[in-house]
Structure formats: C-alpha cells, structure tokens
Amino acid sequence: MTVYTKLNAAQIAAVLVPYGIADIDSYQLLSGGSENSNYQVKTLSGEYVLTVCEQKSQRKSQELVSLLDYLQANNFASSRAIKTSDGQLISAWENKAVILKEFIEGDILEEFSDPLLIYLGAELAALHTLPAPDYLPKDVSYGMHRFDEVKVYAPDSVFYLWLQKMRQDIEKQIVDDLPKSLIHSDIFTNNIIVSKDGLRATIMDFEEASYYYRVFDIGMMLVGCCCTGGQLSLSKAASLLAGYQQHIQLQDTEVKALQAFSAYGAAATAFWRHQNFNYLNPDVQMQDHYLAMRDLADQVMAIPAVKFIQSLGLEPA
C-alpha cells in the first residue's frame, strides 16, 4: 500500500484526542487499501483501526461511516465506527477525514471452506434484505457504464473490444424487474476477516457500496471468494448459493442472469486494474494484473449455461 499520511506516535495521540483515547500502547501501519492510510492502534482500553481518508471528500467519508453505523444499528456485523466524544462519526487531520473503527481479530484467507462459504452466503443475503440508504450511489463505481473510458487511452486495444463484447452479453440479461438492493460490490477474500476458529467471518470495506442489482453482488462474490487456481469452483459457488438461498430465493431473472453477472464481476475488476495500472497510476510490474480477471470472466462464460445453473443447485428459469 502506498502510504500517503505518515503518522508518528505523537501525531496518532493527537488524532485520537477527539475520541477521548489517550492510553496508546503501540501502533503499526496496516497493508491493504489504495485510497486510505490505515493504522492499527493498540491502547489499554481497546484496539482500533485509524483510517485517514486520502481521496474521499468529507461528504463521501461521512456517507461511508454513516453506512457502517447503519449496518451496526441493523445488526449486520462489519466494522464498528467509533464516535468522537461529542458524538461525531468522523474527525479530521490536516484537512483530511479520519475514521476510527474497532479492530476485528481474525485472519485473511485465500480460500474458504464450504461451511464458511455457506455462512458467508447467509451474510450476503442478510445484507441484501436491508433497505438501501438514499445516499448510496445508484451504480457500481467501476461498472460497465465506465468501460468506454478505455477508449481514451487504449482505443484500438484488444482489451477495449473485449470489454464491449462483455458489455453486450451483460446487457442482454438486464430486465426491468431484475431486483436491486444495498450491495457491497467488492467482496473478495481480502475484504473478509475470518475468525480464529474458522467458523465465522466478517465482511469488511464498504467503500464501494451502492444500490444496484443484487445479482451483481452475488456474481462478484462468486469470482471473489469461490475460485481455486484462478478458476471458478462450481462446488464452492454452490455452497455460497446454498447459504444465500436459506434466506433469499433467487428470482428466475436472477438465475438466468447469474452467469453473465459473475463474468461481469470479473470484467469490472479487470477494467479497474487495467485503467489503474496502465493509465491512472502506471506500474510496469502490475500492468498485466488485469489479465487474470479477464481470463476468469472468459472461463465463466465458457461454461455451458445449463451446467452452470444446475451445478449451483439452481433450477433453470
């Protein structure tokens, strides 16, 4: 992670003054995240994650922490935001928004067991049952409405043509009654903290949350959490769907759209990686990082439709 705000012990202590926390024991920089500086701070009274928002405006930071507060109020387990002594959800450091959250003990794993996937599927369904706050975006921040941006810096590339074909395949599955809900939109294994006993997990990092097709969230979670060796595991995906359908039964339109939207999740991620590492923040070592997600999208779309649906324990629409 690129460190934008470097804090020493005295500065961290100053940042924590509005929260009434003064008993700092130790702190360390956390890896992960591309738009924030994150520190794990241990105190005699508790353990926290201190986030300095580098890219978000005060309004967007407020909306994010308001969503975390909303999730907590509705008994959805995620990061719990700590309020300042005067009841504010954010503070500031050098004109940047600061968010303080409770530290969640656990591990980040690359692959999940089937029981854990069932658990996570149920958690995703619980998220999708919550009414979406009005301030959420009505689209995914790196969704297909942005694919044409590749034309600005790589108009004749094979990747741009591939994105256009992928968009056509996705749009065929969008109908008026395709359900929408509050979605996370970026559930990969590195956004999930697994408990030490491996029986429970907490979905983190709601930076990209929106009000969008819930089948997008399911498809993104399939490619983000149910892959082995770079390929989608249909058996793992079936476990996730089994947990989800304990609480929400997929509608026929969602069953029909799930394969294309799983590929959509991979394609959207490939788009973000391609744009970020080849144009916005060029990085020679990462410039081909998008290829894994492009290939995963192609692998998903190459599965015969009937096999895809039946392997997930679903009935063809």
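This is a predicted model: local features need pLDDT of at least 70, side-chain atom pairs count only at pLDDT 80 or more; totals for chains, interfaces and linings use all residues.

**Where the labels come from**

Tutor: Let's start with two helices: α6 passes α7 in a right-handed crossing. Residues are numbered from 1 along each chain as its sequence is written, and side-chain values use heavy atoms, without hydrogens and water.

Student: How do you know which residues of α6 and α7 meet?

Tutor: Contact means heavy atoms within 4.5 Å. By that test R214, I218, M221 and L222 in α6 meet A237, L240, L241 and Y244 in α7. Sorted by class, this contact has seven nonpolar residues, no polar ones and one charged one. Nonpolar covers Ala, Val, Leu, Ile, Met, Phe, Trp, Tyr, Cys and Pro; charged covers Asp, Glu, Lys and Arg; the others, Gly among them, are polar.

Student: Why are α3 and α7 called oblique to each other?

Tutor: The axes of α3 (residues 114-128) and α7 (residues 234-244) come within 6 Å and cross at roughly 45 degrees. Such axes are lines fitted to C-alpha atoms, for helices over the stretch in contact, with angles from 0 to 180 degrees between N-to-C directions. Under 35 degrees would be roughly parallel, over 145 roughly antiparallel, 65 to 115 roughly perpendicular, and the rest is oblique. The angle for α3 and α7 falls in the rest, so the pair is oblique. This crossing is also right-handed. On the α3 side, the residues in contact include L117, G121 and H128, and on the α7 side S239 and L240 are among them. Eight residues of this contact are nonpolar, four polar and two charged.

**Charged partners**

Student: What makes K56 and E207 a salt bridge?

Tutor: A salt bridge needs a side-chain nitrogen of Lys or Arg within 4 Å of a carboxyl oxygen of Asp or Glu. K56 and E207 have an N to O distance of 2.2 Å, so the pair passes. The two sit in distant parts of the chain, 151 residues apart: K56 is in the loop between β3 (46-53) and α2 (58-73), and E207 in the loop between β8 (201-203) and β9 (210-213).

Student: Why does K56 count as buried?

Tutor: Buried means under 20% relative accessible area, exposed means over 50%, and partly exposed is in between, using a 1.4 Å probe and protein chains only. K56 has 18%, so it counts as buried. E207, at 28%, falls in between and is therefore partly exposed.

Student: How do you know that R80 and E102 form a salt bridge?

Tutor: Their closest N and O atoms are 2.6 Å apart. R80 is in the loop between α2 and β4 (91-93), whereas E102 is in strand β5 (residues 96-102), 22 residues away. R80 is partly exposed because its relative accessible area is 32%, and E102 has 33%, so it gets that label too.

Student: How many salt bridges does a search of the whole structure find?

Tutor: Twelve. R294 and D295 make one of them, at 2.8 Å from N to O, and R59, K60 and E63 are linked in a network.

**Out in the open**

Student: What makes N75 exposed?

Tutor: Its relative accessibility is 73%, over the cut-off, so N75 counts as exposed. N75 is in the loop between α2 and β4, and its phi is near 60 degrees, a positive value in a residue other than glycine.

Note on methods: Helices (H or I, at least four residues) and strands (E, at least two) are DSSP runs, numbered from the N terminus. A crossing is left-handed if the near helix is turned anticlockwise from the far one by less than a right angle, and right-handed if clockwise.
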